Amino acid sequence: MSARRPELTTTSTTARRPWWATAVTYQVYPRSFADSTGDGIGDLRGITSRLDHLVDLGVDAVWLSPIYVSPMADAGYDVADYRDVDPLFGTLADADALIAAAHERGLRLLMDLVPNHTSSAHRWFVSALAGAPGSEERARYLFRDGRGAGGSEPPNNWRSVFGGPAWTRVTEPDGRPGQWYLHLFAPEQPDLDWSDPQVRAEMGSVVRFWLDRGVDGFRVDVAHGLVKADGLPDWHADAPAASAAPDADGARPPMWDQDGVHEIYREWRSVVDGYDGDRVLIGETWAEQDRLSRYVRPDELHQTFAFALLQAPWDAAALRRGISDSIATAHEVGAAPTWVLSNHDVVRHPTRLALSGVADLLSGVLPTDPQPDPALADRRGRAASLMMIALPGAAYLYQGEELGLPEHTTMPASARQDPSFFREEGRIAGRDGARVPLPWSADEPGAGFGPGGATWLPPPDGWERHAADVQARDPGSTLRLYRAALALRRRLDLGGGALTWAEGFGDDVVAFSVSTPDSSVLVLATTGEPVRLPDGGEVALSSTEIMGGLLPADSCVWIVREPTS
């Protein structure tokens, strides 16, 4: 089946370009977006019922985190069936209805593709457990004999991103201790072996299945991890499990960013390019800055996330460096940068930016950890968002950031569900704090998340003050700020503009202009003392009130100027 493609919008001064090059895409985490049934878990019909919120917000596309059939050991990133919808979220018919409803509103819709691993409940892995060492069934995964006496030690010293060893030993069908299988994440997520032709053929078929149903592309999970180094050699035991950084000798981790992944993406690109409507592939690629451009060469992925801002502290030098490096990396191969501040895996950026000195807080915040100042988090979160939305290229928003939602930092251990929390025995909070169901209506139970007021994760106290209905009526709210910024970004075509660093400002100011044929916007964000606004131009947007011509600390402003000849 096929769905009507939304029309590509252009301006009279802008050459025709693919929609995704400057799009603003909104990430929906389905179980936390909107619940239609009252079971406390978001679903596809709930998403469909709230699409008009996204239209009013002014985004161009929606990306869905996984909705596939799954035991939910990792909230859907452990896929048991790539061609069906988990009953938790609805049915294939509900997915078709969502795709159609999005397209009717001019919204593109992207799926989350999870190609690095399957669920341990996937029919392939069930067959692998029943098969013998060396069998065709096991060849689809990374089964290996153990080391040491009787193979009792893992095949290598790799660590799981979720904590603990990256290997689990199986019991063979005859009851003997047997081989080990690799899982870079949870044991319920066995890694596929992408050297096996069946794996390549199957995932290519999955891509076609969803493209045929009308989706506009895919966000590729763990895009840097599909191929492992030959021989699966040991790696430094003290290296962070998730890090793709090379060692002192320049060697790259054998489980990340191997050159063989690029052949896979060339195959997928040829598939995607065979469909109408400018379908797109965007990679979740955690790699060193100087290697990111390889993923977005003209015959590979269309985009890869620029994580530099997501990882940067609230420090002007770090922000400038992140912006410059990301633009330079993309431009090496003629691509556009793709900006992001928050997602479902990391601490929400208002909270992260309010925790002084913490630049890489990706493991959540425990109640016993230092707690952010809520007012500071709100100010810095709004300023960072306004700065990012002005940048040329594409932008990705995480659900709820338009409401200024902070991280839930006081969630009790009894309520947590993230496997990383349990694998690390509670030493880290995990990702649940960024996944709390959205508040829609302040006066309804559960802040209007769904009928009856149930929510699969408990909200923090005062969550209802962030509700969408309250913010829609408040001219100074974060929601109204996002709407205004996205509308002005579109009208001035900032996504297609060119960035120039502005001079004459202090070291604690991020100052740049974005120029298009019809406008020039000066953006100032201060991470330190108040900044006097320059003469000329009109203040179009500000993250906070400006008095006496001074931009307060932890604030951002857009100044629209007349174009120069």
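## Briefing: sheets, helices and a buried leucine

With a relative accessibility of 12%, leucine 541 counts as buried (under 20% relative accessible area; exposed is over 50%, partly exposed in between, with a 1.4 Å probe and protein chains only). This is a predicted model, in which local features need pLDDT of at least 70 and side-chain atom pairs count only at pLDDT 80 or more, while totals for chains, interfaces and linings use all residues. Residues are numbered from 1 along each chain as its sequence is written, and side-chain values use heavy atoms, leaving out hydrogens and water.

**Leucine 541**
- Leucine 541 sits in strand S18 (residues 538–542); strands (E, at least two residues) and helices (H or I, at least four) are DSSP runs, numbered from the N terminus.
- Between leucine 541 and aspartate 60 there are 481 residues in sequence and 21 Å in space, C-alpha to C-alpha.

**The parallel sheet**
- An open sheet of eight strands runs in the order S11-S10-S9-S5-S2-S1-S13-S12, with parallel pairing; two strands pair if DSSP finds at least two bridges between them.
- Its edges are strand S11 (303–304) and strand S12 (338–340), each pairing on one side only.
- Four bridges join strand S1 (residues 24–28) to strand S13 (residues 394–398) in the parallel sense, and threonine 25 has tyrosine 396 in S13 as its bridge partner.

**The antiparallel sheet**
- Here three strands form an open sheet in the order S6-S8-S7, paired antiparallel.
- Strand S6 (143–144) and strand S7 (167–171) are the edge strands, and each pairs on one side only.
- S7 pairs with strand S8 (residues 177–182) over four bridges in the antiparallel sense; tryptophan 167 has leucine 182 in S8 as its bridge partner.

**Helix H11**
- Helix H11 (residues 374–389) has 16 residues and spans 22 Å from first C-alpha to last, close to the 22 Å expected at 1.5 Å a residue (1.5 Å times one less than the number of residues).
- Twelve of the 16 residues of H11 are buried, so the rest of the structure largely encloses this helix.
- Among the buried residues of H11 are Arg380, Arg382 and Met387.
- Aspartate 373 caps the N-terminal end of H11, with a side-chain oxygen 2.8 Å from the backbone nitrogen of alanine 375.

**Helices H5 and H6**
- The axes of helix H5 (residues 197–212) and helix H6 (residues 261–272) come within 11 Å and cross at roughly 30°, which makes H5 roughly parallel to H6 (angles under 35 degrees count as roughly parallel).

Conventions
A polar contact is a pair of N or O atoms within 3.5 Å; within protein, one must be able to donate a hydrogen and the other to accept it, and residues adjacent in sequence count only if both atoms are side-chain atoms. Axes are lines fitted to C-alpha atoms, for helices over the stretch in contact, and angles run from 0 to 180 degrees between N-to-C directions. Angles under 35 degrees count as roughly parallel, over 145 as roughly antiparallel, 65 to 115 as roughly perpendicular and the rest as oblique.
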